[in-house]
Structure formats: structure tokens, C-alpha cells
Amino acid sequence: MPIASTPRFRLASLALVSVVTLGASFATRMAGTPVLPETPYDYASAELPLHLQHSSVLRWDNTPDDNPITDAGATLGRVLFYDVRLSQNETVSCASCHRQEHGFSDPRPLSIGFEGEPTDRNSMALSFARYDRTRRFFWDGRARTLEALTLEPIQDPVEMGMTLDALEARLEATAFYPGLFADAFGTPEVTSDRVAKALSQFIRSIVASNSRYDAAREAEEELFGRPLAGLTEQENRGIELFFGEGRCEQCHSGDMFVGNGLLNNGLDSTFTDLGGGGRRDPLGLKTVTGRGRGAFKTVSLRNVELTAPYMHDGRFATLEEVVDHYSTGVRISPTLDPRLRRGGRPIRPSFTDDERAALVAFLRTLTDTTLTTDPRWSDPFVSRAPAGQ
Ligand code: HEC
Ligand code: HEC
């Protein structure tokens, strides 16, 4: 009999599970002290696998000259990311809505902020922000850099409800922070600018590059060769559909599977999305952001299996539902992207059941499960059970 199914082992693991769960829910309610490794984890020199060290990926690196990733900076970012002190009543952290086990997104269609209010939109995955080709953040693209973005959720009246003054005062008064700021920036001074920088370093360090698709690509001699010997016939059929009839690759492009802007992918024929405020695109691109246009960020599909539900409002619970949308559900509207229309009609390829299954099978090859357990990106406020127990 395999050891895992003996009653004694099951009982022991059950006990362990409940201790861990108890610890986790306790930690989300109490602002604690982080447990950090003696030597910081390696964030700065982590490299992409060879097939991603390519100009089609690297040229989108949005790391600014004045904020390179350092081990101490990303460590501070990690602590801030998981600290409920960043919210007014110390109940939510960034990680409440960006959960590691869900590819740093939220399994709830709308997230819940510090006072129990729902957010306007579905949370977004954080596993490729460093190489994000859109160069815009949030569903409506209103933030242009991570450094500009990271202080927004902290001050958002639904999400965390803090002022930057209150934030600085609170962190300054917390015993372990000045030391972490000194490690990261040379002096113990706590400023919101440094908070933004450290959080951005941490987020940039999270890159999902360890999927079955990556392993299969890595093993190929030819750079963009297909089919991929490391994937199944069904998965390769999914790739053909993704690059061919499905037109998916025309928007979710390259090895990061990310788009180049805000597009309307035909979810609605009238637009009721709130928020965004109808801002004009500063570059004057034809897809302007905001209310009334139905255009949203073309997000990366890396780790998409983990980041359900889908779309800016979390309307689809499964990848099958997403494929059904592109198969038969695309709706015409004045701003529907040209890649999804022919003349006045939406393109609806009507995939067969086998094609639908193949597309979903391919999307699942983009899952990097190491990202969900890597201690560099895990919650430092949850103390681990002592070794050997
Ligand atoms: C209450 C839930 C909640 C909290 C807390 C929260 N977020 Fe978010 N996050 C969201 C939602 C919802 C969106 C999408 C918002 C939108 O598009 O308007 C988002 C979007 C983002 C994005 C954009 C990703 C992209 O690819 O465009 C980043 C980065 C981000 N959050 C980082 C953070 C950081 C850092 C913190 C903590 C300081 C944080 N979030 C706290 C819910 C939350
Ligand atoms: C015209 C450009 C375009 C094409 C073609 C396209 N997409 Fe998208 N896709 C988008 C945009 C834009 C979004 C975000 C829309 C929103 O949330 O309102 C999106 C969202 C998604 C999402 C949800 C991601 C998330 O995290 O919520 C998945 C999955 C997806 N697309 C898969 C596909 C597949 C599979 C195909 C091909 C059958 C495809 N897309 C074709 C533009 C496109």
C-alpha cells in the first residue's frame, strides 16, 4: 500500500493542513512581523530562459534606470506587498486581491476592499508586468508605469483607503521597517516614493517563465519552430488554432502572449463599464480609454489557467467559456477591433468540440506552477512550521 494512503499519514497531514490554515487566516487579520531569510533571496540576477532572452521580449523591459531590481529592494517590496498595514483598518494587503496560488490574481469576479466594498473590476494577474508590451497598467490603461501605479491601490477609497502621510507615519513607527528601508535604499527614511519603488521591484521580479510550453520551446532547435515535440498532439492542434483560424496570436502575441494596447474584443455591443472616467489617451491612439468604448488591456495569457475568472469584469468562469466567446459570441459594435470583424459582421469561427478542447489544452501549457509556491514571492508574515514536523 502506498504510504500516503495509510490512515495515520492522512490524519497527520490533516492536522498539518488545519494548523497552516489557521495560521494563514490569523495572519491576514493581524499585522505581524515578517520572517525573512538570513541571506536575501536572489531577485536581481534571476534570468529568463534562453528562448525568452530575445529582443521580442527584452525590448519591452520597463525597468527604469533609477529603480533596478535589487535583492534588498525586492525583499522590502515583498514585505510591503503582504502587509495589511498598507490599508486603513489593517485588514487587507495587496496579496488579499493578488494571491500567489492564483497567479497573483483573485478568484472572486470582483475583489473586496478594506471596508467590504467590491472593486469596479476583476483583479489582474501579476506575473509578467516587467515585460508587459502594452506599457500600460490597469484594465483601462490609466497608469503608465508600475512606479506610478503602486501607490494608487493604497489610496483607493475602496481598496485600501490610506493617505500617503498616514502610510509613512505608520511604517516609520513599525519596528522592522526602517532597517528594511536602510537595506534597500541606504538610509532608514520611509517615503512613499520608496514604497512605490520597492513594490515595483517586487512585482517586476515575478515572471512566469517555467511552463510546459517554455520547456517545449527551450528543447526546440529552431527558434519559432512548430509543432513542438514536447507537447501533445492536441496541444499542438491548439497552437495551430491559436496562431491560425482563432486569430488569438494577432492580439495576444509573441512568447509573452500579450497585446500592444487597449482593444475591444467584442464582449458587449453597448458599453456600461464604470470607471476610467473617459480619459483621453495621452498618445492620441485611436483606442481611447474609459467609459463607452469597450476597449480594455490585452492581457498576457501566461498562467491564464490559474487566474479565473476572466475579462475585466470576471464574467467568464472557465477557459471553455472564454473560447466559446471567441467561437460564437463576439458582438459587433463601432469599436470592435478590426481583427474580429469582416465588414459589418463579427468573425465567429464556430470551433468544433475538439477544437475548443485543443485551444484550452494549449492555454493550459502556459501554466507556471513554480510561481505559485516559490518562497521568493510568498507571504513572509506566515511563519513556517519548524523543520521535521
Ligand atoms: C481590494 C483589492 C485590491 C487590492 C488591495 C490591491 N489590488 Fe491591485 N488590482 C485590483 C484590481 C481590481 C485591479 C484592476 C483595477 C482596474 O483595472 O481598474 C488591480 C490591478 C493591479 C495592477 C495592474 C496589473 C496590470 O497588468 O495592468 C497592479 C500592478 C496591481 N494591481 C498591484 C497592486 C499592489 C502593488 C497593491 C498593494 C499596494 C494592490 N494591487 C492592491 C485589486 C486590488
Ligand atoms: C482583437 C484582439 C483579440 C483577439 C483576436 C483575441 N483576444 Fe483575447 N483578449 C483581448 C482583450 C482586449 C482582452 C481583455 C478584454 C476585457 O477584459 O474586456 C482579452 C482577454 C482574453 C482572455 C482573458 C484573460 C484574463 O486574464 O481575464 C483570454 C483567456 C483570452 N483573451 C484568450 C483569447 C483566445 C484563446 C483568443 C483566440 C480564440 C483570443 N483571446 C483572441 C483581445 C483579443
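**Two ligand sites in a predicted model**

An oxygen atom of ligand 1 lies 2.8 Å from a polar backbone atom of F138, a polar contact being a pair of N or O atoms within 3.5 Å; within protein, one must be able to donate a hydrogen and the other to accept it, and residues adjacent in sequence count only if both atoms are side-chain atoms. The model is predicted, so local features need pLDDT of at least 70 and side-chain atom pairs count only at pLDDT 80 or more, whereas totals for chains, interfaces and linings use all residues. Residues are numbered from 1 along each chain as its sequence is written, chains are lettered from A and ligands numbered from 1 in the order in which they are written, and side-chain values use heavy atoms, with hydrogens and water left out.

An N or O atom in the side chain of R142 is 3.1 Å from an oxygen atom of the ligand, and a polar side-chain atom of R121 is 3.4 Å from an oxygen atom of ligand 1. Helix 4 (94-97), helix 5 (146-149), helix 6 (151-155) and helix 9 (192-205) are the elements that give two or more residues to this shell; helices (H or I, at least four residues) and strands (E, at least two) are DSSP runs, numbered from the N terminus. Around ligand 1 there are 27 residues, of which C94, C97, H98, F138 and W139 come nearest; a residue is near a molecule or strand if one of its heavy atoms lies within 4 Å of it.

H252 belongs to the loop between helix 12 (248-251) and strand 1 (262-263), and Y326 to helix 13 (residues 319-329), so that the pair links parts of the chain 74 residues apart.

The shell around ligand 2 has 24 residues, with C248, C251, H252, H312 and Y326 nearest. Helix 13 gives the most to this shell, with three residues. A backbone N or O atom of M311 lies 2.8 Å from an oxygen atom of ligand 2, while a polar side-chain atom of N265 is 3.4 Å from a nitrogen atom of the ligand.
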